[in-house]
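I opened this notebook to record what I looked up in one structure. The entries follow the order in which I consulted the coordinates.

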Amino acid sequence: MQGDPKTRVLFVCLGNICRSPTAHGVFQAMLEREGLTGSIEVDSCGTGGWHAGEAPDQRATAEAAARGYDLSPLRARQVRVADFGRFDYILAMDRSNLAELISLCPANFHGHLGLFLDFAPDAREKEVPDPYYGGEEGFSHVLDLVEQASAGLLREIGDARPMR
Ligand code: 4NP
């Protein structure tokens, strides 16, 4: 937040077991690769609390592992109003998640609340599709979108607040 040297990013989906943990793991790996873990922090959560305390869906973990990302330490949690006081970027996977976040957002939130795929302007979609009820290919598609948007988000944060 303002005056804080760290930039904090929160990825949000419905259950916090498929899409947002994937974004969390991919963005975390990108920060580690770029040596930026001291200046940017990442977390994820769900608008719903049904899966709170659970590890990510095994299909998400397997697809991510196949591309070198480790989702296994992550545990689901539900979004809380206090998140608006902590995070600078709160990024929803789809419009339904975003509508839920807008309904919770305090009037004094001055960060960026929007769709994650706004940072992937070359992607044809605007929303990361929910892969929960589909097959493995849905999880691979989620990773494709998440990798694109993560790169765009990192560029945006670097432009907004030069870090090195
Ligand atoms: P996510 O996917 O929002 O990407 O974590 C889902 C996970 C669980 C459910 C729906 C979507 N569910 O209905 O339990």
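In which helix is Gln28 found? I located Gln28 in helix α1; helices here are DSSP runs of H or I with at least four residues, strands are runs of E with at least two, and both are numbered from the N terminus.

**Basis of the entries.** I note that this is a predicted model, in which local features need pLDDT of at least 70 and side-chain atom pairs count only at pLDDT 80 or more, while totals for chains, interfaces and linings use all residues. Residues are numbered from 1 along each chain as its sequence is written, and side-chain values use heavy atoms, with hydrogens and water left out.

**Entry 1: Gln28.** I read a relative accessibility of 25% for Gln28, which counts as partly exposed. The scale calls a residue buried under 20% relative accessible area, exposed over 50% and partly exposed in between, with a 1.4 Å probe and protein chains only. I then looked up contacts, meaning heavy atoms within 4.5 Å. Not counting residues up to four places away in sequence, Gln28 touches Thr37 and Val42. Between Gln28 and Ile40, twelve residues apart in sequence, I noted a C-alpha to C-alpha distance of 9.1 Å.

**Entry 2: the ligand.** Which residues are around the ligand? I listed Cys13, Leu14, Gly15, Asn16, Ile17, Cys18, Arg19, His51, Asp130, Tyr132 and Tyr133, where a residue is included if one of its heavy atoms lies within 4 Å of the molecule. A polar side-chain atom of His51 is 2.8 Å from a ligand oxygen, and a polar backbone atom of Ile17 is 3.0 Å from an oxygen of the ligand. For Asp130, I found a polar side-chain atom 3.4 Å from a ligand oxygen. On its own the ligand has 350 Å² of accessible area, and the protein covers 90% of that; the areas come from the Shrake-Rupley method with a 1.4 Å probe.

I also recorded that the ligand sits in the second largest pocket. A pocket is an open set of points on a 1 Å grid over the protein atoms alone, where a 1.4 Å probe fits, with protein on both sides within 12 Å along at least five of seven lines. A molecule sits in a pocket if more than half of its atoms lie within 2 Å of its grid points.

**Entry 3: Asn16.** I placed Asn16, one of the residues around the ligand, in the loop between β1 (7-13) and α1 (19-34). Asn16 is buried, because its relative accessibility is 3%. Its phi is positive, about 60°, although Asn16 is not a glycine. Most residues other than glycine have a negative phi.

**Entry 4: Arg77.** Is Arg77 buried or exposed? I found Arg77 buried, because its relative accessible area is 15%. Arg77 belongs to the loop between α2 (58-66) and α3 (83-86). Leaving aside neighbours within four places in sequence, its contacts include Asn16, Asp43, Asp83 and Phe87.

**Entry 5: helix α5.** Leu143 lies in helix α5 and is buried at 1% relative accessible area. Beyond four places in sequence, Leu143 is in contact with Thr22, Val26, Glu63, Ala64, Arg67 and Tyr69.

**Entry 6: Ala66.** I finished with Ala66 in helix α2, which is exposed at 68% relative accessibility.

How values were computed: A polar contact is a pair of N or O atoms within 3.5 Å; within protein, one must be able to donate a hydrogen and the other to accept it, and residues adjacent in sequence count only if both atoms are side-chain atoms. On a 1 Å grid over the protein atoms alone, a cavity is a set of points where a 1.4 Å probe fits but cannot get out, and a pocket is an open set with protein on both sides within 12 Å along at least five of seven lines; lining residues have an atom within 4 Å of a point.
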